[in-house]
Amino acid sequence: MRQLTEGAEMSSCPSCEEPLETGDLYCGACGFDLSAAPEPAAAEDHPTIAINGASAQGGSPAEEPAGPVEWPEAPDISTDTSHPGELRGTDSSGGDLTGEVRFDHPPGPDEYALQAPDPRTVVPPAATPPAGTKLCVACRTGTVDQDGYCEHCGHAQPRERDHMERELDAVAAVSDRGLRHHRNEDAFAVSATALPDGSPAVVAIVCDGVSSATRPDEASAAASQAANESLLASLPRGTHPQQAMHDAIIAASDAVNSLAQDPAHAREHDPHRHQNAPACTIVGSVIAGGLLVVGWVGDSRVYWVPEDRTSPAARLTEDDSWAAQMVAAGLMNEAEAYADERAHAITGWLGADAYELEPHTASFKPDRAGVVVVCTDGLWNYAEGAAEMAAVVPADAAERPLHCAQVLVGHALDGGGHDNVTVAVLPFSLAPQGAGSA
C-alpha cells in the first residue's frame, strides 16, 4: 500500500466527508481506501468555506480566526423506527427535533461505490473449534476457560447445574437454581434397575446442600451419587428395598464426610470462609416389588398423590427441623411452629459435624395408582400441605413425569423462587391382579 504524498493529502474523505488526519490511509468512518481516491483538484478550484465569519479560499485562510473554533453541541439523535426515513432527537432547550433525512452532497463516483474494508476492524473468521470445545453463549466465537468465562469477551457462562433435567421411562427429575441464589446447591440422581426376579426397581435421590456450610454444592452432588450407586448395587442382589435405602444413606454420609478430609482444597475453594464441614440433607424413594420405600435425613420431603384425586394425598416423611421437634414435643401446634423464624433450622443432616446420623426409612404398599413427589424445601415452601401439593400436580403426572416435575419447579419460581428447587416424580402403578395389597 503506497503512502500518500504530501501534495495529495486530503482534509476529508471523498466518500463520506469524514475529516481526515495527516497520513491516514483509510477513512476511520467508512473504511474508504484513500490511496484509490483521485488526485485533488487545483487550489483555485477549492470552494470557499466560511468559518466563524472568516473566509478561506483554496484551503488557505484569508484571515486566521481570533481564537480556537468553538463547535456547537450536537443534539442526541436516534432513528425512529416507527417513521422510516426520519430522525428524532432533542435540541439544547429540550425541544423535539424530527425531520426527514436529507443528503445534500452528491453521490460519489461509481469507481468507489463499494468501499474497501478497514483492515483495523476486520475480524478474521474463527477456525472450527476442536470437538468438545465449549463456545461462549454471548459472542459465539470465544472458548470458555475452566473458570467459566469466555476467553474472548470475558462473559460469564451459565453453569451446568443452574438448570438440570433428566427423564427415564419410570422417573424424571428437574433442578433449578431459583431466582435468588447465585448457584444451585441441590443435586439429584434418578435410575432404574431390576430385582433378582426380573421385576423393575426405580430410584430417585434428592439432596439439598446446607448453605451455611463449606462447599454445599459438592456435598449434595457427592451424596446423591453415592446413594444412587449403593442402591443400584444392593437391589439387584436381593437386599430388601428398605434396608437398601438405609445402607444408601450411610454411603451418602460417608461420601460427604470424606470431603471434610481435604482442608487444603476447602481453603482454595473459599479462603475467607469459615471452614465448617461440607453438609447436605438427603431424601430418596424406591419403588420395587409393589413397595414404596422412602428414606431421609433433614427437611426434604416425599409426598404421595393418588391418581384418583377424590382420595387424600399424604406426606410420607417427617422433617428433621426445629419446627417438627416443637410439634412432636407438644410445645406448639404446626401453624405456630412453622410461622416461627427458627422453623427451618435443621436438626439432622449429612456431614462430618452432624450430631448423630439417624437415617429414617419407611415402607408403604399403596392400594391404588398415583405418583410420588420427592422434593427439597425450595418446592414445598410453596405447597407445604399434602392437599396443596396435590393441587399443583398435573392430572396426567403418571403419564408425563418430566412435565409434572417441570410444572412443580415452575410453581416454585412463580411463587418467588427464593431457594434452589429440585423435584423428582415417580409414577406408581398397581400390582397385577391377585398379587394382593395392604
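Predicted model: local features only at pLDDT ≥ 70, side-chain atom pairs only at ≥ 80, totals over all residues.
Residues are numbered from 1 along each chain as its sequence is written, and side-chain values use heavy atoms, with hydrogens and water left out.

Helices (H or I, at least four residues) and strands (E, at least two) are DSSP runs, numbered from the N terminus. The axes of helix α1 (residues 216-234) and helix α2 (residues 241-259) come within 7 Å and cross at roughly 145 degrees; axes are lines fitted to C-alpha atoms, for helices over the stretch in contact, and angles run from 0 to 180 degrees between N-to-C directions. Contact (heavy atoms within 4.5 Å) involves residues of α1 including Glu218, Ala222, Ala226 and Leu231, and residues of α2 including Met245, Asp247, Ala248 and Leu259. By class, 14 nonpolar, two polar and two charged residues take part. Here Ala, Val, Leu, Ile, Met, Phe, Trp, Tyr, Cys and Pro count as nonpolar, Asp, Glu, Lys and Arg as charged, and the others, Gly among them, as polar.

Among the buried residues of α2 are Pro241, Ile249, Ala252, Ser253 and Val256, where buried means under 20% relative accessible area (1.4 Å probe, protein chains only). The cover over the buried residues of α2 includes α1, β11, β12, β15 and β16 (360-364).

Strand β11 (residues 279-288) is itself largely enclosed by the rest of the structure, because 10 of its 10 residues are buried. Ala279, Thr281, Val283, Ser285 and Ile287 point one way from β11, and Cys280, Ile282, Gly284, Val286 and Ala288 point the other way.

Strands pair if DSSP finds at least two bridges between them. Strand β10 (residues 200-209) runs antiparallel to β11 and is joined to β11 by nine bridges, with Cys207 opposite Ile282. Seven bridges link β11 to strand β12 (residues 291-297), again antiparallel, and Gly284 has Gly295 of β12 as its bridge partner. β11 and β12 form a hairpin with two residues between them, and Gly289 in the turn has a positive phi of about 55 degrees. Strand β15 (residues 350-351) also pairs with β11 in the antiparallel sense, over two bridges, and Gly351 of β15 stands opposite Ala279.

Terms used. Buried < 20%, exposed > 50% of the residue type's maximum accessible area, 1.4 Å probe, protein only.
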